[in-house]
Amino acid sequence: MAGRALVTGAGGFLGSHVVRRLIADGREVRALVKPSTNVAGLGGLPVEQVHGDVLDPASLSAAVAGCDTVFHCVVNTQAWLRDPTPMYRVNVDGLVNVMDAALAHGVRRFILTSTIATIGTNPSGISTEEDVFNFADKAGEYIRCRSMAEQRFFEYVRTRGLPGIAMNVANTYGPGDHAMTPHGRLLVAAAFGQLPFAVDAGLACVGIEDAADAMVLAEERGRIGERYIVSERWLMQQQLYGIAADQAGRPAKFRTMPIPLLYVMGFIADCVSRIRGRDSQLSVESARLSHIINDMDSSKARRELGWSPAPVERSIRAAVDFYKAHGMTNA
């Protein structure tokens with residue numbers, strides 16, 4: 001697949017790294033960004049930037065025209081919104097619009113940025129791509145809308161011939177997080193002494209450059225209609241934040257917060273949010289998100305795509321160095 005590639009959400013954390021990875025391969029890349037997007041991650045890159053919006057079909061059609069592959073990296077991750085409508089609009093409706101444009105222009109591959117949150121839980125504690133999403137009643141609006149988006153994606157693959165592959169990406173860490181993702185914000189808090197506790201839970205992690213590598217490998221080697229887990233390893237929060245604090249030269253002394261106490265705090269935050277009419281990143285849903293997803297088996301991506309990620313610890317340390325170098329030390 002050596003033709004022109006379109007990267008939607010190219011100014012974002014993963015999108016900008018996908019652009020860099022493609023350019024390193026000598027590819028011609030078109031980057032779709034909103035006019036208001038911070039494009040610092042694309043600085044100095046020989047890339048064609050075009051303005052558009054996934055909710056504007058006309059701009060999408062113009063962006064997709066002449067491209068062989070679409071890497072769809074647009075995601076609304078504002079899980080804390082009291083009104084989830086913006087998430088559904090971007091993550092579901094926006095995806096449908098991009099898929100319609102891709103079909104209209106006959107792209108040869110469509111690589112979707114999905115999430116490990118759409119993978120079902122497994123009684124063994126380790127999930128694979130075969131585990132169907134099975135916790136909608138506990139998931140909250142963010143995970144439900146991501147699952148709905150993935151379902152629509154596979155409907156397009158099955159019924160409309162979209163040459164699509166879904167990449168179920170874990171929490172990403174590394175340099176280039178200019179807008180500071182929600183999990184990047186927690187890493188900053190841990191690294192620079194603003195996080196007094198870590199929740200007694202773990203999460204699947206991957207370096208951002210390795211995640212971008214998996215996306216590009218999927219274009220060449222992935223099987224249409226399949227999904228691939230993109231996770232390097234599982235880390236307990238104490239481990240993750242301990243690495244960040246160590247890189248910042250600070251003692252890693254985090255109290256462990258029991259999950260039931262986090263739910264109490266989330267409930268109180270929800271009540272205050274309703275009274276004040278403001279969104280809060282701490283909520284019952286965010287408490288649930290911190291522990292509901294189990295470990296992930298990425299052997300399929302390693303085997304079929306030839307994906308070989310570096311230890312995520314390197315990316316965590318590189319992330320801390322990036323935040324420090326750019327003065328981003330306040331979460």
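Reader: To begin, how many of the 331 residues of the protein chain count as buried, as a percentage?
Author: In this predicted model, 55% of the 331 residues of the protein chain count as buried.

Reader: And what radius of gyration does the chain have, next to that of a compact globule?
Author: The protein chain has a radius of gyration of 19 Å; a compact globule with 331 residues would have one near 20 Å, so the two agree. The C-alpha trace spans about 55 × 40 × 40 Å along its principal axes.

Reader: How many helices and strands are there?
Author: The protein chain has twelve helices and 14 strands.

Reader: What share of the contacts join residues at least 24 apart in sequence?
Author: The share is 77%, taken among contacts between residues at least 6 apart in sequence.

Reader: Let us turn to helices H8 and H12. At what angle do they pack?
Author: Helix H8, residues 237–247, and helix H12, residues 312–325, pack at an angle of about 45°, and their axes are 9 Å apart. Angles under 35 degrees would count as roughly parallel and those from 65 to 115 as roughly perpendicular; H8 and H12 are therefore oblique to each other.

Reader: Is that crossing left-handed or right-handed?
Author: The crossing of H8 and H12 is right-handed.

Reader: Which residues meet there?
Author: From H8 come Leu 240, Ile 243, Ala 244, Asp 246 and Gln 247, and they meet Glu 313, Ile 316, Arg 317, Val 320 and Asp 321 of H12. By class, this contact of H8 with H12 has five nonpolar residues, four charged ones and one polar one.

Reader: Where is Met 180 found, and is Met 180 buried or exposed?
Author: Met 180 is in the loop that runs between strand S8 (171–173) and helix H6 (182–191). Its relative accessibility is 10%, so Met 180 counts as buried.

Reader: What about Ala 65: where is its place?
Author: Ala 65 is in the loop between helix H2 (57–64) and strand S4 (69–72). With 28% relative accessibility, Ala 65 counts as partly exposed.

Reader: Which residues is Ala 65 in contact with, leaving aside its neighbours within four places in sequence?
Author: With those neighbours left aside, Ala 65 is in contact with Arg 4, Arg 30 and His 105.

Reader: And how many Å apart are Ala 65 and Ala 104 in space?
Author: From C-alpha to C-alpha, Ala 65 and Ala 104 are 8.9 Å apart, while in sequence they are 39 residues apart.

Technical notes
Residues are numbered from 1 along each chain as its sequence is written. This is a predicted model: local features need pLDDT of at least 70, side-chain atom pairs count only at pLDDT 80 or more; totals for chains, interfaces and linings use all residues. Side-chain values use heavy atoms; hydrogens and water are left out. Axes are lines fitted to C-alpha atoms, for helices over the stretch in contact, and angles run from 0 to 180 degrees between N-to-C directions. Helices (H or I, at least four residues) and strands (E, at least two) are DSSP runs, numbered from the N terminus. Angles under 35 degrees count as roughly parallel, over 145 as roughly antiparallel, 65 to 115 as roughly perpendicular and the rest as oblique. A crossing is left-handed if the near helix is turned anticlockwise from the far one by less than a right angle, and right-handed if clockwise. Contact means heavy atoms within 4.5 Å. Ala, Val, Leu, Ile, Met, Phe, Trp, Tyr, Cys and Pro count as nonpolar, Asp, Glu, Lys and Arg as charged, and the others, Gly among them, as polar. The radius of gyration is taken over C-alpha atoms; the globule rule is 2.2 Å times the number of residues to the power 0.38. Buried means under 20% relative accessible area, exposed over 50%, partly exposed in between (1.4 Å probe, protein chains only).
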